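Please read the following report alongside the sequence and the model.

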Amino acid sequence: MELLRAGRDDHALRTAALLRRSHPADKELQLAGLLQDIGRMLRPGDGARHAVLAAEAVRPLLGERVARLVRLQAPAPADGGADRPGEDAEAVATLRQAREAAGAFGPDAGVLEDWRPLLELVAAGSCRAGNAIGPLGSPRGPITDVR
């Protein structure tokens with residue numbers, strides 16, 4: 001939340017709001033819209049890799065699907081890249097369309113705090129699903145001796 005507050009990206013809020021309206025059941029897609037540009041805040045000036053940086057940052061907390069959607073929402077690199085949407089092709093197309101439409105979307109997209117419960121819900125689900133690494137790179141859950 002602190003990173004999102006620091007970035008204060010109304011475009012991302014509008015994208016997420018559009019996705020909430022069009023795909024109310026797909027919480028991970030909505031969060032991908034909200035988190036689309038945090039890579040720019042993590043490493044300003046590294047535009048070519050901002051989607052990869054954002055995906056790496058959200059994966060430990062929000063899981064693989066959110067990370068994949070954040071990574072794939074950016075236009076494909078000129079070399080064709082190895083990343084392919086696969087099973088999420090429709091979600092990636094929807095995310096890109098919402099991102100484009102957000103530029104013309106009305107000014108009332110809500111406030112960032114409205115997204116806190118959803119972030120917490122998806123993070124809790126990711127943790128329960130066996131996401132083994134915490135947001136700071138430390139293991140989650142009990143550590144077992146595997147000698």
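## Aspartate 37 and its surroundings

Leaving aside its neighbours within four places in sequence, aspartate 37 is in contact with Asp9, His50 and Arg99, where contact means heavy atoms within 4.5 Å. Aspartate 37 lies in the loop between H3 and helix H4 (38–42), the helices being DSSP runs of H or I with at least four residues, numbered from the N terminus, while strands are runs of E with at least two. At 11% relative accessibility aspartate 37 counts as buried, a term that stands for under 20% relative accessible area, with exposed meaning over 50% and partly exposed what falls in between, for a 1.4 Å probe and protein chains only. The side chain of aspartate 37 also makes a polar contact with the side chain of arginine 99, at 3.2 Å; such a contact is a pair of N or O atoms within 3.5 Å, of which, within protein, one must be able to donate a hydrogen and the other to accept it, and residues adjacent in sequence count only if both atoms are side-chain atoms.

## Basis of the model

The model is predicted, so that local features need pLDDT of at least 70 and side-chain atom pairs count only at pLDDT 80 or more, whereas totals for chains, interfaces and linings use all residues. Residues are numbered from 1 along each chain as its sequence is written, and side-chain values use heavy atoms, with hydrogens and water left out.

Aspartate 26 is found in the loop between helix H2 (10–22) and H3, and with a relative accessible area of 18% aspartate 26 is buried. A polar atom of the side chain of aspartate 26 lies 3.1 Å from the backbone nitrogen of leucine 29.

H3 is largely enclosed by the rest of the structure, because 6 of its 8 residues are buried: Leu29, Gln30, Leu31, Ala32, Gly33 and Leu34. These buried residues pack against helix H1 (2–7), H2, H5, H6, H7 and H8. Glutamine 30, with a relative accessible area of 1%, is one of the buried residues, and, apart from neighbours within four places in sequence, glutamine 30 is in contact with Ala16, Leu19, Arg20, His23, Pro24, Ala25, Trp115 and Leu118. Glutamine 30 and valine 66 are 36 residues apart in sequence, and their C-alpha atoms are 9.0 Å apart in space.

## Helix H6

## Packing of H5 on H8

H5 and H8 pack at an angle of about 70°, with their axes 7 Å apart, and are therefore roughly perpendicular to each other. The contact is made by Pro60, Leu61 and Leu62 of H5 and by Leu119, Val122, Ala123 and Ser126 of H8.

## The chain as a whole

The protein chain has 8 helices and 0 strands. Of its 147 residues, 39% count as buried, and among contacts between residues at least 6 apart in sequence, 60% join residues at least 24 apart.

Methods
Axes fitted to C-alpha atoms, helices over the stretch in contact; angles between N-to-C directions. Parallel < 35°, antiparallel > 145°, perpendicular 65-115°, else oblique.
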